[in-house]
Amino acid sequence: MIILNNRLAKLDPTFYIQLQENRGVTDFIASLQPLKGIPLEALNTLVDSSKYDYIVEVLDEEFTEICADFRRIGILDYEVSNLLTVCTPVFETLGFIEGEDNRMLRYAIIGTIAEYLEGEPVGGV
C-alpha cells in the first residue's frame, strides 16, 4: 500500500494533498481494490507518474540545493504539484513523450522552473 500511496501522490499531488488534509488517503486507496477487483499491489502498475518524475529529475539535476531543501522540509510534492500546473503549457506546446530526450522541452522546463522559483510571473513558451 505504501507504493500505491507514493504513486498517488505523484500522479495527482493536488488531489493527494486534499486527501491528506481530510485524512482520507487510506480510505481512498482501500476503495480502489473492490472497484478494480485486483490486489492493491497490482494497481501500482496503473499509475503513470512520468511528468511528475520528469519535473523531479529536472529539479534534482538543475536545482539540486532547492530540491534537497524541498525534500528536507517536506514540501516537494506540493511544489512539484505547482510546477506541473505552470509547466502544463510547455508540455502541451512542445510535447512530452516519456523516455524521449527533447532538449527544447528540457530547456523550456528549466526556464519555467527558474521563473517559478524566482517568484516571477510564468509566461508561456
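Which residues in H5 meet which residues in H8? On the H5 side they are Tyr54, Ile55, Glu57, Val58, Leu59, Glu61 and Glu62. Their partners in H8 are Leu105, Arg106, Ile109, Ile110 and Ile113. The model is predicted. Its mean pLDDT is 76.

**Helix H5**
- H5 runs over residues 50-62 and has 13 residues.
- From first C-alpha to last, H5 reaches 18 Å, close to the 18 Å expected at 1.5 Å a residue.
- Buried residues in H5 are Ser50, Tyr52, Tyr54, Ile55, Val56, Val58 and Leu59.

**H5 against H8**
- H8 spans residues 103-118.
- The axes of H5 and H8 come within 11 Å.
- They cross at roughly 75 degrees. An angle of 65 to 115 degrees counts as roughly perpendicular, so H5 and H8 are roughly perpendicular to each other.

**Arg106 in H8**
- Arg106 is found in H8.
- Its relative accessible area is 15%. Buried means under 20%, so Arg106 is buried.
- The side chains of Arg106 and Glu61 are joined by a polar contact of 2.5 Å.
- Not counting residues up to four places away in sequence, Arg106 touches Tyr54, Glu57, Val58, Glu61 and Glu62.

**H5 against H6**
- H6 covers residues 64-73.
- H5 and H6 pack with their axes 5 Å apart, at an angle of about 120 degrees. That angle makes H5 oblique to H6.

**Confidence**
- In the protein, 63% of residues reach a pLDDT of 70 or more.
- Among the elements, H8 has the highest mean pLDDT, at 95.
- Helix H4 (residues 40-43) has the lowest, at 50.
- Over residues 43-48 the pLDDT is below 50, yet this stretch has 16 contacts in the model beyond near neighbours in sequence.
- Over residues 121-125 pLDDT stays under 50, and the model has ten contacts for them beyond four places in sequence.
- Where pLDDT is low, the predicted coordinates should not be read in detail.

How values were computed: Residues numbered from 1 in each chain as written. Predicted model: local features only at pLDDT ≥ 70, side-chain atom pairs only at ≥ 80, totals over all residues. Heavy atoms only, no water. Helix = DSSP H or I, 4+ residues; strand = E, 2+ residues; numbered from the N terminus. Expected span 1.5 Å × (residues − 1). Buried < 20%, exposed > 50% of the residue type's maximum accessible area, 1.4 Å probe, protein only. Polar contact = N/O pair within 3.5 Å; in protein donor to acceptor, adjacent residues only side chain to side chain. Contact = heavy atoms within 4.5 Å. pLDDT = per-residue confidence, 0-100. Axes fitted to C-alpha atoms, helices over the stretch in contact; angles between N-to-C directions. Parallel < 35°, antiparallel > 145°, perpendicular 65-115°, else oblique.
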